[in-house]
Amino acid sequence: MSKIHILSEDLRNKIAAGEVVERPASVVKELVENSLDATGTEITIVIEKGGHQLIQVSDNGSGISPDDMNVAAQRYTTSKIETVDDLFNINSLGFRGEALASIASVSDMEMASCANGDGGFAVSILDGEVGELKPAEPVQGTSINVRNLFYNTPARKKFLKSFRVEFRQIVSMVRRYGLAYPEVAFKLVHDDKEIINIQSESLKERIDNLLDPTYSAHLLEVNIVKGDFAISGYVGSLNLLRSRPGEQYIYLNRRFIKHRLLNNAVYGAYQSLLKRGEYPFYVLNLVQPADQVDVNVHPMKIEVRFKDEWRLYHVLKSSVADALGNILDTIPDFSKMASQFPEFGNGPQQGSLSMPAVETPIQQGLERAKTYMNTFSEKKESGEDVSAGNIWQIHDKYIVSQINSGLVIIDQHVAHERVLFEDALTAFEKAPLGAQTLLFPETLEFSADEFSVLLDILPNLNKLGFRMQEFGKNTVMVEAIPSEMVWGNEKTIIREIMDSFLENKKKYSSWQEGLAASYSCHAAVKAGDPLTIQEMQALVNRLFATNHPYYCPHGRPIIVQLSIEELDKRFERL
Ligand SMILES: Nc1ncnc2c1ncn2[C@@H]1O[C@H](COP(=O)(O)OP(=O)(O)OP(=O)(O)O)[C@@H](O)[C@H]1O
Ligand SMILES: [Mg+2]
């Protein structure tokens with residue numbers, strides 16, 4: 001006798017329901033997705049007893065025709081795809097044709113719909129059996145009621161949490177869709193109490209209305225288009241850091257997704273500004289051609305696979321890093337400190353900065369820093385200035401400064417490296433950097449190989465301020481060096497720049513970047529170099545004017561934040 005038999009339709013649906021319908025919030029997810037796919041512009045969600053008793057989702061979308069009403073809640077019925085090719089080019093949230101069937105198999109469902117003035121129709125589905133089609137109010141759109149969830153799967157029902165806990169899950173689900181579709185109006189009612197009622201609005205307004213009305217003041221915009229990718233949205237300044245995850249939203253083609261690598265890309269852009277256990281806020285919309293992504297990975301469709309996830313990782317990381325580039329917006333405390341200690345630039349002491357007789361490289365950069373600061377201040381329009389009012393050097397290695405929320409620690413070498421790196425790149429593109437003529441020109445001899453490389457990069461070395469002439473076989477005469485460099489060891493430095501340039505060429509996206517990185521690494525102040533207050537101020541100010549003040553060209557962190565809470569915790573004050 002054969003032991004193998006085909007499972008009944010009802011049992012198949014219940015098995016499928018196990019994957020899709022985990023709790024009331026998953027019903028909300030499926031129904032809201034259907035409403036959005038039907039291009040509804042107003043979606044109302046009515047919940048009773050945390051969804052244990054009723055989940056109702058109504059929309060003003062395209063509606064379901066009377067013929068389709070009979071089949072919509074059957075398994076594998078969909079209007080969204082037809083062929084295998086469609087499966088790899090999904091442009092809707094749903095496509096599996098199983099959500100309604102799954103929900104109907106574990107609840108009592110009623111559907112009422114009206115499509116294009118066809119007159120309204122309603123149908124009930126009990127124990128998976130579709131009832132008779134009855135007339136209903138001819139209101140454009142669809143309304144689906146789901147009652148008694150899991151009444152026939154007691155094992156599942158047992159796992160449901162309290163009304164309050166389940167309702168909280170529903171609220172976060174609605175937020176998820178509300179943030180992805182700010183142009184759609186959402187209303188959420190729980191036990192006759194209106195919880196959410198938001199109209200069509202901008203994403204920024206939506207963030208304030210759905211999360212917290214103070215958020216918009218701390219948002220930094222992300223907006224880039226790169227080839228066939230586009231990324232837009234907002235990341236939060238450090239004022240929006242939380243100690244638990246939950247306010248990180250990444251959408252791919254308007255679908256909420258969870259993707260560890262992409263989260264890491266965003267965290268990576270914040271670099272050392274985040275401590276372990278701190279989570280930044282973000283709402284980011286990624287747009288990619290649908291055929292570059294596979295969304296058919298899991299029935300819930302929250303996981304996706306990308307054709308080229310590393311490319312996306314880099315684009316995302318650099319666009320978030322760009323958004324965080326303005327340090328005064330990212331670490332708002334800096335600007336508060338700045339207005340209290342206007343010591344540099346526009347402050348009362350302007351023009352009275354006393355310079356020691358012998359100028360060190362960083363002081364030589366002061367003038368340039370002032371120019372930077374002026375543009376910087378104009379950009380801020382507040383006249384605020386980055387000041388290092390409280391600034392110390394420790395172990396001739398780190399610069400420490402107090403800010404309102406605690407303190408920041410800056411690694412002097414990598415900070416200077418970042419400044420020089422960006423200066424060098426600008427010099428290659430635009431005006432060359434200043435040079436200081438050597439009193440006693442020096443000759444430098446290279447191997448034939450090295451010499452030919454040197455000749456290739458000589459025009460760029462000139463732009464950095466190295467002036468060299470060919471001087472016999474494989475030899476150059478160095479007449480001037482960049483004004484930022486300490487002189488005395490130019491021979492070693494030029495050689496080191498050449499060596500590390502040749503060795504690390506492949507690590508950088510262009511050879512100019514490679515050259516700028518080796519120059520900045522060797523010309524920057526070192527750990528162990530004592531700095532004066534003015535030098536530290538100049539360095540910090542110039543660092544803040546760079547595009548990426550948080551990490552050096554090799555990817556090492558530049559700034560570490562230590563909050564007063566962290567200190568209080570360590571001292572067991574909290
Ligand atoms: N609110 C709605 N407005 C208009 N049509 C709807 C609505 N809800 C469901 N439908 C129709 O019913 C069909 C079945 O819905 P169901 O959610 O079961 O499958 P799907 O959305 O196609 O795929 P998935 O299982 O991935 O969600 C849909 O393809 C759609 O045509
Ligand atoms: Mg669906």
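Visitor: How close do the axes of helix α15 and helix α18 come, and at what angle do they cross?

Guide: This is a predicted model, in which local features need pLDDT of at least 70, side-chain atom pairs count only at pLDDT 80 or more, and totals for chains, interfaces and linings use all residues. Residues are numbered from 1 along each chain as its sequence is written, while chains are lettered from A and ligands numbered from 1 in the order in which they are written. Helices (H or I, at least four residues) and strands (E, at least two) are DSSP runs, numbered from the N terminus. Axes are lines fitted to C-alpha atoms, for helices over the stretch in contact, and angles run from 0 to 180 degrees between N-to-C directions. Here α15 (residues 412-429) and α18 (residues 511-523) have axes that come within 8 Å and cross at roughly 140 degrees. That makes α15 oblique to α18. Angles under 35 degrees count as roughly parallel, over 145 as roughly antiparallel, 65 to 115 as roughly perpendicular and the rest as oblique.

Visitor: Which residues of α15 and α18 make the contact?

Guide: Two residues are in contact if their C-beta atoms, placed from the backbone, lie within 7 Å. From α15 come Glu417, Leu420, Phe421, Ala424, Leu425 and Phe428. From α18 come Gln512, Ala516, Ala517, Tyr519, Ser520, Cys521 and Ala523. By class, this contact has 10 nonpolar, 2 polar and 1 charged residues. Ala, Val, Leu, Ile, Met, Phe, Trp, Tyr, Cys and Pro count as nonpolar, Asp, Glu, Lys and Arg as charged, and the others, Gly among them, as polar.

Visitor: At what angle do the axes of α15 and α16 cross?

Guide: The axes of α15 and α16 (residues 448-464) cross at roughly 115 degrees and come within 9 Å. Ala424, Ala427 and Phe428 of α15 meet Asn460, Lys463 and Leu464 of α16. The classes are 4 nonpolar, 1 polar and 1 charged.

Visitor: Is α2 roughly parallel or roughly antiparallel to α7?

Guide: The axes of α2 and α7 (residues 163-180) come within 8 Å and cross at roughly 25 degrees. That makes α2 roughly parallel to α7. Contact residues include Val28, Val32 and Leu36 of α2, and Ile170, Met173 and Val174 of α7. They divide overall into 9 nonpolar, 1 polar and 2 charged.

Visitor: Now the sheet. In what order do the 5 strands of the open sheet lie?

Guide: Two strands pair if DSSP finds at least two bridges between them. The order is β10-β11-β14-β12-β13, with mixed pairing. β10 (219-226) and β13 (255-257) stand at the edges with a single partner strand each, so one side of each lacks a neighbour in the sheet. The twist averages 20 degrees from one strand to the next. Inside it, 5 bridges join the parallel strands β12 (residues 248-252) and β14 (residues 282-287). Leucine 252 has leucine 286 of β14 as its bridge partner.

Visitor: How many residues lie between β17 and β18 in their hairpin?

Guide: The hairpin has 3 residues between its strands, and histidine 395 in the turn has a positive phi of about 50 degrees. β17 (residues 391-394) and β18 (residues 398-403) run antiparallel, joined by 4 bridges. Glutamine 393 pairs with isoleucine 399 of β18.

Visitor: Which residues are closest to ligand 1?

Guide: A residue is near a molecule if its C-beta atom, placed from the backbone, lies within 6 Å of it. Of the 23 residues that surround ligand 1, the closest are Asn34, Ala38, Thr78, Gly94 and Ala99. The elements giving two or more residues to this shell are α2 (24-37) and α5 (99-105). By class, the shell has 7 nonpolar, 11 polar and 5 charged residues.
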